[in-house]
2 protein chains.
Amino acid sequence: MRLADLPTPCLVLDRGVLARNIRAMAGSLARLGVPLRPHMKTAKSIDVARMALVGQPGGITVSTLAEAEYFVGHGITDILYAVGITPQKLDHVAQLNAAGADIIVITDDPDMASAIAAHATPPRALIEVDCGEERGGVTPDSPALLDLAARLGPYLVGVMTHAGHSYAGRSTIDMARIAEQERAAITRAATRLREAGHAITIVSAGSSPTALHAENLAGVTEMRAGVYMFGDLFQAEIETHAMDGIAVTVLTSVIGRRPGKVLVDAGGLALSKDRSTEAAPRDYGFGLVLDASGRPGYGDALVKRAYQEHGVIEFDPARPIDLPVGGRLRIAPNHTCMTVAAHDRYFVVDGEDEVVAIWTRVNGW
Amino acid sequence: MRLADLPTPCLVLDRGVLARNIRAMAGSLARLGVPLRPHMKTAKSIDVARMALVGQPGGITVSTLAEAEYFVGHGITDILYAVGITPQKLDHVAQLNAAGADIIVITDDPDMASAIAAHATPPRALIEVDCGEERGGVTPDSPALLDLAARLGPYLVGVMTHAGHSYAGRSTIDMARIAEQERAAITRAATRLREAGHAITIVSAGSSPTALHAENLAGVTEMRAGVYMFGDLFQAEIETHAMDGIAVTVLTSVIGRRPGKVLVDAGGLALSKDRSTEAAPRDYGFGLVLDASGRPGYGDALVKRAYQEHGVIEFDPARPIDLPVGGRLRIAPNHTCMTVAAHDRYFVVDGEDEVVAIWTRVNGW
């Protein structure tokens, strides 16, 4: 099967670019002596997980229990569910753990910490720490940290944080600074808990930018990162990878031609309505237009508007897109986590137009 | 099963509100003597289609061939695929039609029109006409209209248009004006084609706002509309329906509490990143917060930020959201077509908390 045979819109995943991104992350962390617990929230695919786990201990991170169940079904048992647990989800985790999984949960809430310890079969738990993102977590110097630990009792095995604010960084220097902030916060929390007599074995941190650009991870036992595998226009803008590091694109067909623009069959559902690059140095609209081989070929042409199933590509009249209806383009995504989530499979290529594999992914909750 | 038993995030569909929206549309069009070809691009569910088809001829509109295949599998054969056809998709349509479907395609492209007529088993086709949206379609007075008709030959059965620019209207008076513009354009195209000797039996128009607010549809043989079934905050803002006309909400659980805000498990995937109301009189962020029963109860509280699996609800300190972790809320969506697309089923209620049915939907392409 070749790309020209595929129905559109669909996802094209370049295995060579993916492998390069995975090697870059592994190399970066190996230099600092810290293993990776890859975050599968972006790829949601066992085939991608197997690549990301080469040379790593074997644990992964997930963002939904649907992911947890899928990966358990594929033999991965060491799973960190990195979104705050609720009482109802705790029951679901207990069921999966009873069936052989070892899902670790997180919380930053005192009542929830007590509920974990009071459960019939409590999972291992981490306290979520805020290192500056101001989304979830308690601050490392807060009294709440020790209160949570006391409530979790023997089920507490560590701490975790996520420097999501690294996405607001705009250079590798910014990223290194935020990585140090992340490290300082999580190791401070671990130290306080150990001083209070708690056995802290997991000190987990990470985001793609900080995992790639950290200069020192002393005291951190594992890093988590996910979007680095696929990359996207936003990550390229903030220097997580180069522009040729985007492994996933959306293959689309021209469905109409009008003066100065073409309509394609990749719209708001196939590309997502994410507009991350609105806040980046360069705004890529709903995606950058590449040729059918995934290479630049249409200058700065962007998907400027996205209806449900229609994308509108506007082009420089000096560089028109001269394709018939049915002609193919590829669109590099703004934010790959959002874009891939509308699709149920990847058509895998290796630099060429031949489809070498089809990898499924798990969506929903 | 009750709402309290459901895993979150998930979609809650209120059958009573849905039925009321469907009755309102049917009544509006019945007064003008025009049947409805409901657009299933929003609901993508056979159960919803059956409700929308009561008292109508039985044909539907779809936005993807995955929808077409799904509805054919459920016994609906008269299907208008209302996105410009491509050569490859024409083969797929021909396969479905050979298996008993009667899928009608659309085009505005001369080469594609020739390709339709030259196909081994051409489907019936409509010419797409632009009534002012400036997305797809030829203008009703253009020479291109007659050229397309000549190329399609006997496979031409009609014309279609979509007043998508009605979404830029901000009152029922605006909608009525745009509806008349839509009607004038499509009937003008039909008249020109008939004068040129073509048999035009389908004169198809529509969008939810224009179908509901048209005052005259003389010459139009069918209207298409979809989002009216479910409604959303944007449609409420532009007066397609009242605020209590939103039939679908996202059930979510509190996963964290911080001063002045709560975190919930409905983020950018469960709600979509659509920001339609940014351009509306009132901006609802990523959704309006309702109580677990779907009723207003938290004032103006909105989902202000949406990460992949985290929504951040900020509240007025005078009206705090006092719920424990695991407590339930419902979120009214900005743009329902985008929000529901991340989910594979509806949990159906009828005003109360009991789940009376589970309806599946078809996603992807």
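Predicted model: local features only at pLDDT ≥ 70, side-chain atom pairs only at ≥ 80, totals over all residues.
Local features need pLDDT of at least 70, side-chain atom pairs count only at pLDDT 80 or more, and totals for chains, interfaces and linings use all residues. Residues are numbered from 1 along each chain as its sequence is written, and chains are lettered from A in the order in which they are written.

**View 1. The two copies and their axis.** A rotation of 180° with 0.0 Å of shift along its axis places chain B on chain A, with RMSD 0.0 Å (least squares on C-alpha atoms of residues with pLDDT of at least 70 in both). The copies are thus related as by a two-fold rotation axis. B:Lys273 is the residue of chain B closest to this axis, at 2.6 Å (C-alpha).

**View 2. Where chain B touches chain A.** Here 44 residues of chain B are in contact with 44 residues of chain A (C-beta atoms, placed from the backbone, within 7 Å). Elements giving two or more residues include α4 (87-98) and α5 (110-118) of chain B (helices are DSSP runs of H or I, at least four residues; strands are runs of E, at least two). β9(B) gives the most, with 4 residues. The copies meet through the same surface, because 100% of the interface residues of chain B are also interface residues in chain A.

**View 3. Helix α4(B).** Its buried residues are B:Lys89, B:Leu90, B:Val93, B:Leu96 and B:Asn97 (20 or more other C-beta atoms within 10 Å of their own, C-beta atoms being placed from the backbone). Seen down the axis of α4(B), they fall within an arc of 120°, so they line one face of the helix (the arc is that of directions from the helix axis to the C-beta atoms). What covers them includes α3 (65-73) and β3 (78-81) of chain B. Just after α4(B), B:Gly100 has a positive phi of about 120°.

How values were computed. Contact = placed C-beta atoms within 7 Å. Buried ≥ 20, exposed ≤ 12 C-beta atoms within 10 Å, placed from the backbone.
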